[in-house]
Amino acid sequence: MAEPVVRIPDAKVALSTASVYPESTATAFEIAARLGYDGVEVMVWTDPVSQDIEALRRLSDYHRIPILAVHAPCLLITQRVWSTDPWTKLQRARAAAEKLGASTVVVHPPFRWQRQYARDFVTGIWRMADETDVRFAVENMYPWRYRDREMLAYAPDWDVTKDDYRHFTIDLSHTATARTDAIDMIDRMGDRLGHVHLADGRGSAKDEHLVPGRGTQPCAEVLERLALSGFDGHVVIEVNTRRAMSSAEREADLAEALAFTRLHLASAARVPRR
């Protein structure tokens, strides 16, 4: 009778450069390499290095760590990064991914006040996806809350499974903030789930991005399901370390997140031993 052995799936574990904020993009490469991450996801934001393809290439070469994904500048604080036109931002993100060898561009749904962009977003993402081998993975978001009031800030919807996209990113901090069931969302995404932002949360109105295992999200179960399903995308650690009291404490959090992820991606499978 075959005995169970540990099987490690092909999914790579990457560090989001946002996870070291307020440290720099360059610091993220250094930490990712030192801790043994498989790669990085570059959050394009106000740090000039994150916007500079040649600087990113040099960091990748120097630390011998690949850039696996590019997160387009979709945040409120990045409205003027790589143009004020949202389609130009996505075109530049795609070009960066192609030049850097990244397989995925992560993009948020539009803000509701970006009316024209929101109106054309679903068809526009399909059009851009047809023009490249890079995956455009649209990320789930959440309603904004203040006290007992809720504001729907994203369009067509914060729940991206309500629209038709070729690939999705699921973010477990966002499912916590949205107070939605992460497993149900993954089931709705099905084989279109192409990318994972791994973090935790407790259901606060704030997007917490806790180290996996420190909140209420089913982080371990999600990783085990990915392993058993043969998931071929990337798992990206995207956590908030702003409250770390030192560089050593920040690095310890990121090491813990990596260990948690690798542990739960390893699944028991009954295969014959040779």
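Which strands make up the closed barrel, and how do they pair?

1. **Ground rules.** This is a predicted model, in which local features need pLDDT of at least 70 and side-chain atom pairs count only at pLDDT 80 or more, while totals for chains, interfaces and linings use all residues. Residues are numbered from 1 along each chain as its sequence is written, and side-chain values use heavy atoms, with hydrogens and water left out.

2. **The barrel.** Eight strands close up in the order S2-S3-S4-S5-S6-S9-S10-S11, with parallel pairing. From one strand to the next, the twist averages 25°. Helices (H or I, at least four residues) and strands (E, at least two) are DSSP runs, numbered from the N terminus; two strands pair if DSSP finds at least two bridges between them.

3. **S9 and S10.** Thr169 has His195 in S10 as its bridge partner.

4. **Helices on the sheet.** Helix H6 (residues 182-189) packs on the sheet and touches S9 and S10, its direction making about 170° with that of S9. Helix H1 (residues 25-35) also packs on the sheet, where it touches strand S2 (12-16), strand S3 (39-43) and strand S4 (67-71). The direction of H1 makes about 160° with that of S3. Contact here means heavy atoms within 4.5 Å; axes are lines fitted to C-alpha atoms, for helices over the stretch in contact, and angles run from 0 to 180 degrees between N-to-C directions.

5. Glu30, Arg34 and Glu251 are linked in a network of them. Glu30 and Arg34 meet at 3.1 Å, N to O; they are four residues apart in helix H1, which means a separation of about one helical turn. Glu30 is partly exposed at 37% relative accessible area, and Arg34 is partly exposed at 46%. For Arg34 and Glu251 the N to O distance is 2.7 Å. That pair links distant parts of the chain, with Arg34 in helix H1 and Glu251 in helix H8 (residues 247-265), 217 residues apart.

6. The side chain of Asp157 reaches the backbone nitrogen of Asp159 at 2.8 Å. Leaving aside neighbours within four places in sequence, Asp157 is in contact with Pro109, Lys162 and Asp163. With Lys162 there is also a salt bridge, the closest N and O atoms being 3.8 Å apart; Lys162 is exposed, at 59% relative accessible area.

7. In helix H7 (residues 219-229), the buried residues are Cys219, Val222, Leu223, Leu226 and Ala227. Seen down the axis of H7, they fall within an arc of 135°, so they line one face of the helix. The arc is taken from the directions from the helix axis to the C-beta atoms. Exposed Leu228 and Ser229 are carried on the face turned away from the buried side. After H7 comes Gly230, with a positive phi near 75°.

Methods
Polar contact = N/O pair within 3.5 Å; in protein donor to acceptor, adjacent residues only side chain to side chain. Buried < 20%, exposed > 50% of the residue type's maximum accessible area, 1.4 Å probe, protein only. Salt bridge = Lys/Arg side-chain N within 4 Å of Asp/Glu carboxyl O.
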